[in-house]
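Thanks for making the time this morning.

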Amino acid sequence: MSEVNNLAESIQGQLPGELSGWLHAAGEAARQRGLRLYLVGGVVRDLLLGRPNLDLDLVVEGDAIALAKELAGGSEMKLVTHPRFGTAGLRWGGWSVDLATARLETYARPGALPAVQPGSISDDLVRRDFTINAIAVELSPDRYGSILDPHRGRDDLAKRFIRVLHQKSFIDDATRIWRGVRYEQRLDFRLEPSTLSLLKRDIDWLDTVSGDRIRHELELVLQEEVPEKALRRAGELGALGNMHPSLRGDDWLAERFEQARLLKSPDLPAMGLYLVLLAYRLSDAESERLISYLKLPKLLARPLQAAQAIKERLAMLAAPDLAPSGIYALLHGYREPALTANVLAVSSPLVKERIRLYLSKLRAIKPALSGNDLKEMGVPEGPGIKRLLNRLRNARLDGEVKSKKDEEECVRGWGEKING
Ligand code: CTP
């Protein structure tokens, strides 16, 4: 792998024609402005590995926003600019390209976001996380496809190593601990031995990173194809314990994640379910602490809280003579991820079966009679209607009524009992 010096053919062969043609044109447009343009980061790594990746990151030694405006000019492209960061995004027909001004970064203090100023492509590569992510490819027409690899990333690709660029890398930005683990497990690489020692030495620097940024890293892990691999490794290395000391990336979790993937329900985004499973074995108070540390948005926090609430009902759900209406009463109001996480997490086959029954059947059962029907039958308006509808639902759930007619008879019978 280290002998590859030009990626022009790989770009041509591995990227869709429309994108590779566009890269040529972009290089030419940059040349006309007297600027050098480069393809960088993950896509270069993946071109060298032959892995699919259509997330294109470009770096220009000059004003990225002005160049992006020119590239978008007069076309269907959507342009989003971030003047504060000197970056721009171009989106068209399903493609997405990010363009940044080459930058020099300095860290005022560990964990903080870096101070940024314009720089050269070498400055831009030296600020990066790992050697395999610090390779650039020239797009300027005179040297189209040439590789710039000042940190010997190609050697590390060949050795299958994740290696930092300098000794203070994890101190500057401890999120790189999570990133390193993620790449290692995704690519089946190894953290290079001295990088591994630095990572272990610097594990406590994770404390300098805000919960928000850690949540972002966790989300990225949970979007991996097999997230439990990275969680297991993060557990071994202490990164998971730093997030919360009771979190574990063990066999229990791996088995549940695998089962969760097999469900593949469109109503059930995998990430939400993974997160509930990860936090499932925490106590209620621990789970709350994790939610507030990670600043989980309500959409992700609620299923965690619901799963905890269901956990407290598991003993009741195991009662031997529980009728379907009893199952309904215990589970009613909880949504899919929390319920499904409990199906996957509990060991009792009876409880599993009961939650499954609720999900597949019981939760959709309703009486045939409506509130209006009851009014027409002479039931006075007010809370009594709701009570009767609930009684009817329970009768349906327990198989005591099967048709609208049965329900009408029931209501009359109850009325007679009450009045008579
Ligand atoms: N990068 C970095 N340090 C970070 C984040 C990003 O050095 N903390 C650099 C790396 O060079 C990385 C590039 O920015 O390759 C793009 O970042 P990102 O999109 O997060 O990484 P990809 O390598 O594209 O990762 P993935 O394959 O997971 O999308």
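This is a predicted model: local features need pLDDT of at least 70, side-chain atom pairs count only at pLDDT 80 or more; totals for chains, interfaces and linings use all residues.

Residues are numbered from 1 along each chain as its sequence is written, and side-chain values use heavy atoms, with hydrogens and water left out.

The structure holds six aromatic pairs, where rings of Phe, Tyr and Trp (its six-membered ring) pair if their centres lie within 6.5 Å, and planes under 30 degrees apart count as stacked, over 60 as edge-to-face and the rest as tilted. The rings of W22 and W92 have centres 5.2 Å apart and planes at 40°, so this pair is tilted. It links distant parts of the chain, with W22 in helix α2 (residues 17-32) and W92 in strand β4 (residues 87-92), 70 residues apart; helices (H or I, at least four residues) and strands (E, at least two) are DSSP runs, numbered from the N terminus. Both W22 and W92 are buried, meaning under 20% relative accessible area with a 1.4 Å probe, protein chains only.

F257 and Y274 form a stacked pair, 4.2 Å centre to centre with 20° between the planes, and both residues are buried.

Turning to charges, the charged end of R391 sits over the ring of W414, 4.1 Å from its centre, the criterion being NZ of Lys or CZ of Arg within 6 Å of the ring centre and within 35 degrees of the ring normal.

Note on methods. Buried means under 20% relative accessible area, exposed over 50%, partly exposed in between (1.4 Å probe, protein chains only).
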